[in-house]
Amino acid sequence: MKGEGADSDIVISSRIRLARNLTHYPFPMLSTNQQSEEVLEKVSDVVHDEDLKMISNFERIPLSEINSLESKVLVEKHLISPNLAEESRNGAVILSENESISIMINEEDHIRIQCLFPGFQINEAWELANHIDDIFEAKLNYAFDEKKGYLTSCPTNVGTGIRASVMLHLPALVLTQQINRILTAVSQVGLAVRGLYGEGSESLGNLFQISNQITLGQSEPEIIHNLYSVVKQIIEHERTARAKMLSESKTFLLDRVNRSYGILSYAQIMDSKEAAQRLSDVRLGIDLGLISNVSANVLNELMIMTQPGFLQQYASKKLSSDERDVLRAEMIRERIKK
Amino acid sequence: MICQECGNKPAALHFTKIVNGEKTEFHLCESCAREKGDSIPGAPNGFSIHNLLSGILEFEPSMGQNVKQQKKVIRCENCGLTYSQFRKIGRFGCSSCYNHFSDPLNPLLKRVHGNSVHVGKIPKISGGKIKYKRQIKDLKKELQSKIDLEEFEEAAKLRDEIRSLEQKISEA
């Protein structure tokens with residue numbers, strides 16, 4: 001994903017996910033093999049819809065037809081969930097050409113429509129997801145209830161079935177130790193905050209994902225507007241903190257950014273945690289104009305390419321953790337010095 | 001922030017529930033959060049939103065007592081899942097569970113979402129009637145306010161609009 005889109009110095013990506021289920025079929029957790037196969041067929045058929053083809057060419061990938069490394073890469077690119085990769089029966093993903101749209105079949109719900117855009121484009125992502133939802137709904141009978149809305153496997157998704165989330169890079173708020181205060185405030189207005197790799201994980205490389213918690217009793221535009229305005233405020237706080245650091249402690253900042261750039265340029269062994277932190281520092285240096293010989297796109301790519309699954313696909317074999325650390329360092333050296 | 005259970009480790013999980021405008025927060029470290037939820041067999045880390053949800057269900061003594069007092073096993077007639085199984089895994093078996101579990105479910109949805117009635121998108125095809133019903137409800141509210149303001153000409157227009165929608169529902 002290229003570093004385009006609004007506010008892309010701080011917002012890495014914007015994502016909308018809609019959870020939908022078909023009537024008359026048990027949810028994937030309880031469906032028989034035959035039932036999940038039927039769901040897979042019915043949903044897959046929509047790929048041939050003319051309206052869908054107008055949006056993009058789509059490729060359908062059944063999880064049974066790819067190996068565990070390939071599915072791991074899809075997880076690291078945030079195109080499928082770990083759940084679909086590891087546990088699903090008759091699971092598949094329908095991917096658009098540029099990979100901004102991924103539709104999971106037989107995950108926790110029968111259908112999960114996901115639109116992932118670079119930068120702060122949450123409204124654009126919602127419009128596209130909503131349009132794709134309409135196309136699917138014209139062909140399939142959704143499980144829907146007048147009072148409960150879209151019926152989902154988990155009660156935390158019922159109603160709109162929407163999860164709107166934004167990935168933010170907030171190094172200055174972390175460095176100036178304002179982050180906890182802000183994140184606590186965020187969790188008090190019905191939004192959830194997570195580290196890079198979802199539930200339960202700590203924040204890696206100062207990346208935070210903010211998403212709506214409530215799906216019932218608020219309309220989709222209300223949910224998105226709420227997230228949008230909170231994220232806008234966080235962006236302003238991060239910008240202020242960056243400007244303040246730049247004016248008050250430029251030497252400290254220059255030292256930190258250049259030190260990380262130096263390490264990334266010359267290190268021979270690099271574990272994923274250190275890589276995430278160093279890449280975050282350099283990314284901050286680029287955004288503040290302290291480093292000009294590397295592009296933000298290269299940094300975005302490296303954030304994904306230095307993940308374990310990606311490295312192993314690159315090497316075309318399974319690698320031990322030590323081997324990965326060596327390859328990671330090599331890959332970073334090559335790309336960052338270009 | 002420190003975990004409110006063990007008072008030891010930093011809290012990794014922050015959960016806010018809002019019931020009738022009253023806010024309660026949980027701040028737990030990962031290991032305490034894991035202990036609070038039963039692990040799902042086969043789940044990779046034994047920790048997920050479902051575990052958390054079932055953990056919250058366990059937090060609620062009134063909930064447990066209610067179910068026990070009824071002494072009747074609540075079961076979804078469509079897929080066979082019992083309410084106590086749902087409480088353990090935090091997931092429904094099918095869309096009919098929402099009907100069969102509606103008594104204990106409504107308070108749960110209120111706890112999770114602060115609300116139990118959907119106001120968002122309606123599917124265009126299967127939701128035709130529902131859409132009209134919602135429009136009528138909104139128009140009736142508007143009608144009442146026009147009557148209160150003694151704007152009878154406007155009110156008459158709204159009344160006609162309501163009638164035509166009601167006509168559409170009976171034809172659908």
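View 1. Helices (H or I, at least four residues) and strands (E, at least two) are DSSP runs, numbered from the N terminus. A:Ser219 has a relative accessible area of 16% and is therefore buried (buried means under 20% relative accessible area, exposed over 50%, partly exposed in between, with a 1.4 Å probe and protein chains only). Leaving aside residues up to four places away in sequence, A:Ser219 touches A:Thr160, B:Val119 and B:Gly120, a contact being heavy atoms within 4.5 Å.

**View 2. Packing of helices H8(A) and H9(A).** H8(A) packs with helix H9 (residues 250-266) of chain A at an angle of about 105°, and their axes are 5 Å apart. Axes are lines fitted to C-alpha atoms, for helices over the stretch in contact, and angles run from 0 to 180 degrees between N-to-C directions. H8(A) and H9(A) are therefore roughly perpendicular (angles under 35 degrees count as roughly parallel, over 145 as roughly antiparallel, 65 to 115 as roughly perpendicular and the rest as oblique). H8(A) contributes A:Met245, A:Leu246 and A:Glu248 to the contact, and H9(A) contributes A:Lys250, A:Phe252 and A:Leu253. By class, these residues are four nonpolar, no polar and two charged (Ala, Val, Leu, Ile, Met, Phe, Trp, Tyr, Cys and Pro count as nonpolar, Asp, Glu, Lys and Arg as charged, and the others, Gly among them, as polar).

**View 3. Packing of helices H11(A) and H13(A).** Helix H11 (residues 296-305) and helix H13 (residues 321-336), both of chain A, pack at an angle of about 170° with their axes 11 Å apart. H11(A) is therefore roughly antiparallel to H13(A). A:Val298, A:Glu301, A:Leu302 and A:Met305 of H11(A) meet A:Met331, A:Ile332 and A:Arg335 of H13(A). This contact comprises five nonpolar, no polar and two charged residues.

**View 4. Confidence along chain B.** Chain B has a mean pLDDT of 76, with 66% of its residues at 70 or more; pLDDT is the predictor's confidence in each residue, from 0 to 100. Within chain B, confidence is lowest in helix H3 (residues 61-70), at a mean of 49, and highest in helix H5 (residues 97-100), at 94. Over residues 37-47 of chain B, pLDDT stays under 50, and the model has 25 contacts there beyond four places in sequence. Where pLDDT is low, the predicted coordinates should not be read in detail. The model scores ipTM 0.83 and pTM 0.79.

**Notes.** Residues are numbered from 1 along each chain as its sequence is written, chains are lettered from A and ligands numbered from 1 in the order in which they are written, and side-chain values use heavy atoms, with hydrogens and water left out. Local features need pLDDT of at least 70, side-chain atom pairs count only at pLDDT 80 or more, and totals for chains, interfaces and linings use all residues.
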